[in-house]
Amino acid sequence: MGEKARKNFVKLMITGLILGVVFGVIASLAKTSMAPDTWNIINMIFFQDITVSAGRSALGLFYIVQTVFTNALKLAIVPMVFFSIIMSVCSMNDMRKLGRIAGKTIIAFVLFYLAACVLAAVASEIVIGMNIYRPFSVDQAAANVTEIETSNILVTIVNAVPDNLISPMTSNNRMLAVITCAVVIGVCIASMGSRITVFKTFCDEAGQITQKFLDFLIITCSPISVFCMVTRTFAIYGIDQVSNIFSYILVTLITLIIYLLVAYPVAIGAVTHCNPYIFMKKMIKVAIIAFGAAASAPALPLNKETCVKELGCSEEITNFVLPVGMTINMNGTAIMHIIGAAFIATCAGLEVTPMHYATMTLLAICASMGTPAIPAAGTVMLYAVLTGAGFGTELCTLIYSLILAMNKPCEMVLTMLNVVGDAATTVIVSKSENEFDPKIYNS
């Protein structure tokens, strides 16, 4: 993407986002002010989910655009991660370098996670001490409670090694297994050298095909899709509906924004000694895509391009760190898990102790690492953190069901942290390997 095309793309994305918010607020206000029959007609034309019984005769134009775009992105997730990691790993002839890069990447991810969890715990304790969270009084007959079965959260580690190659490729929910397979295959190709040429060429060309498909989706379709996604979110959930859990949403959003504006710039400035404002400015367009889609995967292609061409990172390191980070580096998700679990427990009349926070930190890191890079996955995994910390009462489940329905604003913001954190880690690892170009970064 040329400089002019890049600027036009950023303008279109920002325009789509702003228009989505404006039209979404208008739709939300109209929903509460106009006659139900009139709103029902508008809803059936633009916003209705056409896959449910209520939408049999609906057009659902915005729903169709949103769903087709999201499904198209999901279609590319597995091949994108699989082939990019294979090519990244097999291009490293020095296996010690691969181990070194992987080690530095994991250490950076864990440090970012710990900082995020500590901030979330501190924010929760401050808010709980101020008595901002009020006990919930929920009409159980009106609530739609769904029990979600969860196994031991540490099963994530076991599931990282699949018992066959094909099974992980058929599901976006087993990305750690996909990464494991890709790394193993990449290492084997690298160790066999020139004896493997045809399969290596196939992986390279398959990766290029996937990239071309994603370029079309992101550059051509994403501004319109972001507009439809944001508008429909406001129209469906409404401003008034969010008020029930507004305190949780507000605390989560403030904490996420503080972490985004402080943690990553401080890390970049400390490691690279470059102006962190430049990093944040160049990451805006990537963050907008993640915000609009509420998922990390759609932002990966542009994140790669930004890291290499604008932030001066090594292409070899970028192709390894970003796909891995998209799956296991989700700082925003961890923050939401801890604040959400503390909010639910407090509103259910339960005490949250330091031991609970320590347990939730371990669970949040494990759950975040096992969360697919697709919309709403992080909110679903919140239930595993909640029950794993011992907050599994009926009222806790009831409050969780409300968060599950209204957590879209938090999902959209936390995803920005996830993609920016991936890029920050890429810059840090590239600098540590002396493969960081400050001239490109400062240009």
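I started with R100, which is partly exposed at 38% relative accessibility (buried is under 20% relative accessible area, exposed over 50%, partly exposed in between, with a 1.4 Å probe and protein chains only). This is a predicted model, so local features need pLDDT of at least 70 and side-chain atom pairs 80 or more, while totals for chains, interfaces and linings use all residues. Residues are numbered from 1 along each chain as its sequence is written, and side-chain values use heavy atoms, with hydrogens and water left out.

I found three salt bridges in the structure (a side-chain nitrogen of Lys or Arg within 4 Å of a carboxyl oxygen of Asp or Glu). R100 pairs with E433 at 2.8 Å, N to O. E433 sits in the loop between helix 19 and helix 20 (438-442) and R100 in helix 4 (residues 95-129), so the bridge ties together parts 333 residues apart in sequence. Helices here are DSSP runs (H or I, at least four residues), numbered from the N terminus.

E433 is buried, at 10%. I also see K104 bridging to E433 at 2.7 Å, N to O, so I logged R100, K104 and E433 as a salt-bridge network. K104 is partly exposed at 26%.

The other entry is K285 with E310, at 3.1 Å, N to O. Both K285 and E310 are buried.

**Helix pair**

I then checked helix 14 (residues 315-328) against helix 19 (residues 408-432): their axes come within 9 Å and cross at roughly 145 degrees (lines fitted to C-alpha atoms over the stretch in contact, angles from 0 to 180 degrees between N-to-C directions).

Definitions and conventions: Helix = DSSP H or I, 4+ residues; strand = E, 2+ residues; numbered from the N terminus.
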